[in-house]
Amino acid sequence: MNRLTPSTRKVVRFLALLTAAFVLAACADNAPLDTRGDNLQGPEARDIESFLRWVLWIAYAVFFAVLGVTLYAWKNFRIKTEDYEDDEFPEQISHNNTLEIAWTAAPAILLAIIAIFTIGLHQSLNSNSENPITLDVADGAGGATTVEWEPEIVVVGQQWWWEYQYHFGDVDLVAQRVETLPNADITTATQMVIPVGMEIELEITSRDVIHSHWIPSLNGKRDAVPGRQSAPWKIQADEPGVYFGQCTEFCGLSHSRMRMQVVALPEAEFQEWVTAQMQGLELSPETAAYVAELEAGATVPPANAEQRAIDTFRTKCASCHVLDGVTDGIVARPEEQLVSGAAPNLTHFATRTTFAGGIRNVYETDTGEFNRNDIAQWLRDPASIKANFTEPVSETDSRLRGMPNLGLTTEEVDDLVSLLEMTAPQEGEFEMFEFIIEETGVE
Ligand SMILES: [Cu+2]
């Protein structure tokens with residue numbers, strides 16, 4: 001070090017610290033996005049890991065072989081000071097056909113072997129097996145019907161949150177653009193719920209720019225490309241739990257706040273979740289009658305806070321958001337307001353435990369109470385939680401990216417937070433809910 005100038009010394013010290021930081025970061029044990037940890041689930045993630053392990057061993061071997069030869073050459077063949085003084089160079093060698101062929105062929109053969117295994121792994125990641133599950137689903141007429149559901153979920157990325165759609169009917173999800181799909185039976189944002197121990201097929205796409213869907217414990221990354229459905233992508237969780245993910249294709253301002261979670265539940269609990277998701281909001285008979293009057297086009301003054309909230313929702317939120325039971329008779333047209341053309345479905349908002357792309361809790365982690373503070377803050381000023389572009393795109397295009405500040409009054413915010421709280425699961429309706437709140441809490 002003594003021969004270095006002070007500024008070079010500073011740089012060297014900085015690089016050493018940086019290296020140490022990276023090495024130490026590898027020791028973190030609470031790392032839900034770890035691709036090589038013990039929390040890998042399902043054949044896909046584990047196959048990728050074991051393949052990566054072999055490739056890394058080969059890479060280590062190549063690294064140390066090259067380093068060894070380099071050190072050997074440096075020790076034995078470098079120009080020594082006395083050679084300089086005698087003006088005498090070591091013997092100069094050029095051309096050795098055997099060596100040239102060997103060091104061209106060896107890496108080529110090595111890469112070819114890795115390629116064969118890569119293609120094999122890719123084939124298996126893209127293949128599909130059938131494992132239908134029997135579900136009771138609402139038939140839309142107050143009753144229930146039994147369906148054989150081959151677990152398949154449409155995954156849609158948009159700035160800056162993920163939507164998950166479940167279709168239980170007989171719809172071909174693979175060949176269609178998301179914009180032309182029929183209404184889904186269940187639509188969620190940020191949280192995908194799956195049955196445990198089963199292969200789930202994902203159809204991944206986007207509504208605006210390219211995103212990438214990545215739940216490292218369950219499988220690798222798959223790009224979400226607008227106008228295109230990905231080839232089937234599988235995930236499988238062997239144990240009930242919550243598996244975290246993050247958009248991994250830079251997609252603009254709030255890319256880093258575009259997170260998601262997969263909640264894997266045992267089959268019976270998954271059925272409970274499906275039932276809860278297919279139930280409408282329970283309004284008091286008076287309020288239901290109030291909504292029906294609004295739907296019929298009447299102007300009725302709201303009689304209480306709940307009806308006030310419904311009125312506000314219908315005038316200020318329903319142009320983008322759906323909330324079944326509240327926005328009845330209104331067709332949301334987010335495509336006229338948003339570049340992505342979609343806003344989260346709020347019908348079951350409070351059955352999810354995080355919002356705004358998984359960066360805030362719907363329930364407080366310490367008390368389990370509905371997180372009125374953060375939700376009110378979101379309604380008052382969404383950009384204070386998540387940066388967005390809510391200025392019109394151009395002079396001729398007034399669409400936005402993200403939820404705008406709607407200039408709500410304190411009373412309106414209060415009413416709306418209570419309305420959103422009503423979308424929570426009813427007592428005993430969905431047993432695993434406490435567990436999910438606990439497992440998904442963001443600090
Ligand atoms: Cu993204």
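1. Two strands count as paired if DSSP finds at least two bridges between them. Helices (H or I, at least four residues) and strands (E, at least two) are DSSP runs, numbered from the N terminus. Axes are lines fitted to C-alpha atoms, for helices over the stretch in contact, and angles run from 0 to 180 degrees between N-to-C directions.

2. Before going on, a word on what you are looking at. The model is predicted, and local features need pLDDT of at least 70, side-chain atom pairs count only at pLDDT 80 or more, while totals for chains, interfaces and linings use all residues. Residue numbers run from 1 along each chain as its sequence is written.

3. How is the protein divided? Its domain assignment, of an automatic or database kind, gives domain 1 (33-126), domain 2 (133-277) and domain 3 (285-440). The centres of domain 1 and domain 3, taken over C-alpha atoms, are separated by 55 Å.

4. β11 and strand β12 (residues 259-265) run antiparallel to each other and share 6 bridges. Within this pair, Gln 246 is found opposite Arg 259 in β12. Contact means that the C-beta atoms of two residues, placed from the backbone, lie within 7 Å.

5. Strand β7 (residues 200-206) joins β10 in the antiparallel sense through 3 bridges. There, Leu 202 has Trp 233 of β10 as its bridge partner.

6. Do take a look at the loop between β3 (152-158) and β4 (161-166), which holds Trp 160. The peptide bond leading from Gln 159 to Trp 160 is cis, and its omega is near -5 degrees. His 95 has a phi near 65 degrees, which is a positive value in a residue other than glycine.

7. Now to the helix pairs. Helix α2 (residues 42-77) packs against α4 at an angle of about 175 degrees, and their axes are 11 Å apart. The two are therefore roughly antiparallel to each other (under 35 degrees counts as roughly parallel, over 145 as roughly antiparallel, 65 to 115 as roughly perpendicular and the rest as oblique). On the α2 side, Glu 44, Asp 47, Phe 51, Val 55 and Ile 58 make the contact, and on the α4 side Leu 110, Ile 114, Phe 117, Leu 121, Ser 124 and Leu 125 do. Sorted by class, these are 8 nonpolar, 1 polar and 2 charged residues (Ala, Val, Leu, Ile, Met, Phe, Trp, Tyr, Cys and Pro count as nonpolar, Asp, Glu, Lys and Arg as charged, and the others, Gly among them, as polar).

8. How are helix α6 (residues 285-295) and helix α7 (residues 305-317) placed? They pack at about 30 degrees with a distance of 10 Å between their axes, and α6 and α7 are therefore roughly parallel to each other. From α6, Thr 287, Tyr 290, Val 291 and Leu 294 meet Glu 306, Gln 307, Ile 310 and Arg 314 of α7. The contact of α6 with α7 has 4 nonpolar, 2 polar and 2 charged residues by class.

9. One more pair is helix α9 (residues 372-380) with helix α10 (residues 410-421), packed at an angle of about 125 degrees with axes 10 Å apart. α9 and α10 are therefore oblique to each other. Arg 372, Ile 375, Ala 376, Leu 379 and Arg 380 of α9 make the contact with Val 413, Leu 416, Val 417 and Leu 420 of α10. The classes in this contact of α9 with α10 are 7 nonpolar, no polar and 2 charged residues.
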